[in-house]
Amino acid sequence: SSPPDSALYQSIFLDHADPSSGLSTFWFLSTPCLAVLKAEHARSILRHSVERKTFDIFTRHFKRSLGKDSLVIMEGGGGTWRHHRNLVKAAFTEKAVRNMSGSVWEVASRFARSILDECDADEEGSIGCYAAEALDIFKWATIDVFGQVALGHDFECTSSLSQTPVAASFDATVEDSSARTTARNLFNPMTQWYWLPTERNREYAFHSGTVRRALEEICERKVEDVRSKESGGEKEGKEDMLAILLKSDVVATSNDDQSQSQSKQTPNACRHGEMIEMLMTLFFAGYDTSSIGLSMAMYEVSEHPRIQSLCAEEARRAADHLVLDPTQWEDRLAYNWAVVMETLRLHPPVFTNCRNLVKDVELDEYTVPSGTRVYIPVVQIHTDERNFGKRAKEFLPERWVRWEEERKCWVKRDYAREEQESQQTRERGKQGFTQDPKYIPAANPNYLFSFSDGARNCVGKRLALQESTMLLSCILRDLTVQTREGYVLQKRKKFAMAPPTEMPLRFKRREWD
């Protein structure tokens with residue numbers, strides 16, 4: 001139950017590691033285990049194997065909340081896993097995510113306006129600020145983004161700056177699964193047996209039922225809407241994930257008899273219940289991770305006023321362009337994107353990963369045998385000097401972007417090109433600017449494992465970066481953010497995630513000269 005910065009993780013993954021190879025070996029019960037610190041080793045493992053065994057005691061809870069065929073709990077490599085994975089990937093293509101940018105920008109803009117309104121309303125009676133707990137407000141933003149891009153539905157949390165009833169049931173379902181899998185509850189029959197007539201089980205049944213009914217109603221409306229537009233020859237405007245799945249003819253009708261009949265005509269179709277499971281999996285995968293990432297970004301910009309100002313200035317320059325064309329966000333918001341990337345490097349929401357090897361793998365001169373469980377300690381890898389240079393533990397967005405004087409804007413750095421130029425300089429025997437102790441080397445994007453890697457990487461990476469960058473820029477364009485005076489960041493463990501135990505934020509209207 002320890003967070004990633006605990007003495008336990010320090011001992012296993014750092015103190016016990018071989019200084020040269022970065023490898024450490026240990027046993028977990030009867031399973032031989034290996035941990036890696038070099039980014040190249042981590043990349044090799046993640047690309048070598050998709051097997052990730054989950055303990056049965058955890059799996060039974062995920063099956064309850066997400067469904068038996070959820071990608072979160074399904075063992076990789078099999079035909080069923082590939083089928084479901086391909087269905088989900090269809091909704092996250094580069095084109096699909098680009099088409100979602102308008103919806104994400106709309107939520108981000110509305111979120112900032114709602115906080116601004118609260119600041120202005122508070123001004124007469126107090127000091128013109130809005131105070132909130134970071135995780136709470138970014139959960140509201142995340143669920144509204146999910147509603148718009150996945151379902152074409154507005155949950156209205158960012159309008160009201162509160163949890164609406166269905167959103168509250170979504171949150172309660174996720175939190176219930178988390179609570180039941182904590183160390184103190186794993187062997188408590190009152191939390192493990194859902195059939196017991198306890199208050200917790202009654203609340204779980206109510207909230208999970210509310211979520212499933214809401215998704216079923218939305219799905220049924222979407223099925224009729226898509227069929228109506230297709231029969232009428234109408235062209236779809238903004239397409240959400242649900243519409244993409246339906247129009248690609250991978251989802252059967254909700255009626256069981258019709259579903260069985262259509263399944264004969266479309267062998268790759270998934271049943272209505274499977275569609276609900278996919279939506280729940282998408283929500284589960286992005287809900288906590290996005291809200292944690294955005295909370296940590298707020299912490300870092302509150303700790304670094306210069307960086308916060310640079311984000312705000314860029315966001316202000318980009319605002320008019322993005323109102324007309326939100327698809328330009330990646331070019332117009334390069335520095336805000338870099339802040340998100342650097343946040344994910346130092347504070348990856350999922351702080352550890354693992355794979356079970358089904359065949360031998362070579363790591364430099366070492367052979368790791370089949371049957372080994374390999375741990376990928378993401379935080380330790382991201383802060384290792386071998387992977388991100390001598391300033392690996394510092395928060396430096398400039399490792400991802402550089403200022404281009406001619407265009408007067410931030411642009412992404414090209415790691416491969418800069419590394420090649422640096423190598424050529426060394427070969428010529430010249431010292432070069434890379435020897436300057438203040439020099440910030442370009443980050444290798446292949447060494448960032450916040451979204452994992454290989455065949456089991458995060459399919460929602462593009463959307464997550466788009467969502468986080470837009471939300472960050474809209475907030476900092478209009479508002480200043482600070483943590484409470486004297487605040488000290490502390491994290492807790494939640495599954496394989498590390499949210500802050502608390503993070504009180506204060507927003508004020510940003511004053512421009």
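## Before you start

The model is predicted, so local features need pLDDT of at least 70 and side-chain atom pairs count only at pLDDT 80 or more, while totals for chains, interfaces and linings use all residues. Residue numbers start from 1 along each chain as its sequence is written, and side-chain values use heavy atoms, with hydrogens and water left out.

Helices (H or I, at least four residues) and strands (E, at least two) are DSSP runs numbered from the N terminus. Two strands pair if DSSP finds at least two bridges between them.

## The three-strand sheet

Let's begin with an open sheet of three strands, ordered β3-β11-β10 and paired in the antiparallel sense. β3 (129–133) and β10 (479–483) are the edge strands; each has a single partner strand, so one side of each is left without a neighbour in the sheet. From one strand to the next, the twist averages 25 degrees. Angles here run from 0 to 180 degrees between N-to-C directions, and axes are lines fitted to C-alpha atoms, for helices over the stretch in contact.

Have a look at where β3 meets β11 (residues 504–509): the two pair antiparallel over five bridges, and A132 sits opposite L505 in β11. Helix α6 (residues 134–151) lies across β3 and β11, running at about 90 degrees to β3.

## The four-strand sheet

The other open sheet has four strands in the order β1-β2-β7-β4, and its pairing is mixed. At its edges are β1 (24–28) and β4 (352–356), each pairing on one side only. Ignoring direction, neighbouring strands of this sheet are turned by 25 degrees against each other on average.

β1 pairs antiparallel with β2 (residues 31–35) over five bridges, and F26 faces C33 in β2. Two helices come in here. Helix α1 (residues 7–15) lies across β1, β2 and β7 (373–377), at about 130 degrees to β1. Helix α2 (residues 39–48) packs on the sheet too, touching β4 and β7, and its direction makes about 130 degrees with that of β7. Contact means heavy atoms within 4.5 Å.

## Where α6 meets α8

Back to α6: its axis and that of helix α8 (residues 165–180) come within 11 Å and cross at roughly 110 degrees. That makes α6 roughly perpendicular to α8 (under 35 degrees would be roughly parallel, over 145 roughly antiparallel, 65 to 115 is roughly perpendicular and the rest is oblique).

On the α6 side, the contact is made by K139, I143 and F146; on the α8 side, by A167, F170, D171 and E175. These residues divide into four nonpolar, no polar and three charged. Ala, Val, Leu, Ile, Met, Phe, Trp, Tyr, Cys and Pro count as nonpolar, Asp, Glu, Lys and Arg as charged, and the others, Gly among them, as polar.

## Residues worth a look

Most residues other than glycine have a negative phi. L161, in the loop between α7 (157–160) and α8, has a positive phi of about 50 degrees although it is not a glycine. S452, in the loop between α19 (415–427) and α20 (461–478), also isn't a glycine, yet has a positive phi of about 65 degrees.

L161 counts as buried at 11% relative accessibility, and S452 does at 14%. Buried means under 20% relative accessible area, exposed over 50%, and partly exposed in between (1.4 Å probe, protein chains only). T343, in helix α16 (residues 334–346), is buried as well, at 1%. Leaving out residues up to four places away in sequence, T343 touches G293, M296, A297, P348 and F395.
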